[in-house]
Amino acid sequence: MPVPFIEAGGPANVYVIDEEGGGVALFDAGIGTREGRDALLAGFAALGLKLGDIRRIFISHGHIDHYGYARAAQEASGAPVYAHVRDHDKLTGRERTALRLDQYAAYLEKLGAAPELLSHVRVHWQDTGRMARPVEEVLPLEPSTVLQFARFSAEVLHLPGHTPGLVSLWAARERVFFSDDHLLEVVSPNPLLDLEGNLEPVHRALVEYIRSAKRVRELPVELVAPGHNAPFSGHVALIDRLLGFYARRQERIVSLLTARGAQTPAELSAQVFPMAKRSQHFLTLSEVMGNLEVLEEAGRVVRSTVAGRLRFDPI
Ligand SMILES: [Zn+2]
Ligand SMILES: [Zn+2]
């Protein structure tokens, strides 16, 4: 399904999997735009299927390019929708209430962000609503569950990072890893700031992402079937490249702190990403904060709060 933002890393994939006893399951449900729907219906027609053949809908994580069409697919089929419980509020729309927005506003201010960033977040949330109708009832998708399909089975791996509740599917016998956005070939999976209804994030996106990536690195994967674009091989080299990329970014942040002293995440973000467009500021701030949390865990930086603003010092 085509996705109208380049950060996604290409069209979103919907995996259509034969169910035991007939019908199909979906791993991800794409985006709820007209172009998305047309692409999905064309794909179903090419397979000789209709939406009514869907028996179960599994959602990898709560981003609109993965769950956006789930509600419509459910209405057409009556199929239950499953996702990891930590991403349920995204699918049901509870993440986008006025209260949650206020929590983001307060936290972004604490990171030193300019007030205009919040208006971008608000507009983004409105767009989100247009491209993904909320799903009323989402059932829990438990980690380590083995899903049985007609021709293979796959284990649900909880790999927090890109979102708190992201899951991938691991078909161990076939050595196929359905990575969704945990591993993408061309773009690095943004570890996004996520409050999950808290005032301060419990989810340390990049700390958890790196832990999840190291776990996947150990799997004997032969083929990665990603959430965007074509399948690929070579997950170890890809993960090593990503870990190296984040390590270099952390060194850059440490050198900026060493040279100029304590700074807010927003001040650092402006130096690490001087060319970033306004619409990308949430992504860039998330990434800088993620790297700061990794450095903090490694005992290389320390945080303090001065006049309500979070600042980091090198150690
Ligand atoms: Zn995606
Ligand atoms: Zn995503």
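Student: At what angle do helix 7 and helix 10 pack?

Tutor: Happy to start there, with a predicted model in which local features need pLDDT of at least 70, side-chain atom pairs count only at pLDDT 80 or more, and totals for chains, interfaces and linings use all residues. Residues are numbered from 1 along each chain as its sequence is written. Helices are DSSP runs of H or I, at least four residues, numbered from the N terminus, and axes are lines fitted to C-alpha atoms over the stretch in contact, with angles from 0 to 180 degrees between N-to-C directions. The axes of helix 7 and helix 10 (residues 281-297) lie 7 Å apart, and the packing angle is about 70°.

Student: Are helix 7 and helix 10 roughly parallel or roughly perpendicular?

Tutor: Angles under 35 degrees count as roughly parallel, over 145 as roughly antiparallel, 65 to 115 as roughly perpendicular and the rest as oblique. At about 70°, helix 7 and helix 10 are therefore roughly perpendicular.

Student: Which residues of helix 7 meet helix 10?

Tutor: Contact needs C-beta atoms, placed from the backbone, within 7 Å. On helix 10, the partners are Ser286, Gly290, Asn291, Glu293, Val294 and Glu297. Facing them from helix 7 are Ala205, Leu206, Val207 and Ile210.

Student: Which helix gives the largest share of the side of domain 1 that touches domain 2?

Tutor: An automatic or database assignment sets the bounds, giving domain 1 (6-237) and domain 2 (247-314). Between them, 17 residues of domain 1 contact 21 of domain 2. Helix 6 (115-131) and helix 7 (205-217) each supply at least two residues of that side of domain 1. The largest share, 4 residues, comes from helix 7.

Notes: Chains are lettered from A and ligands numbered from 1 in the order in which they are written. Two residues are in contact if their C-beta atoms, placed from the backbone, lie within 7 Å.
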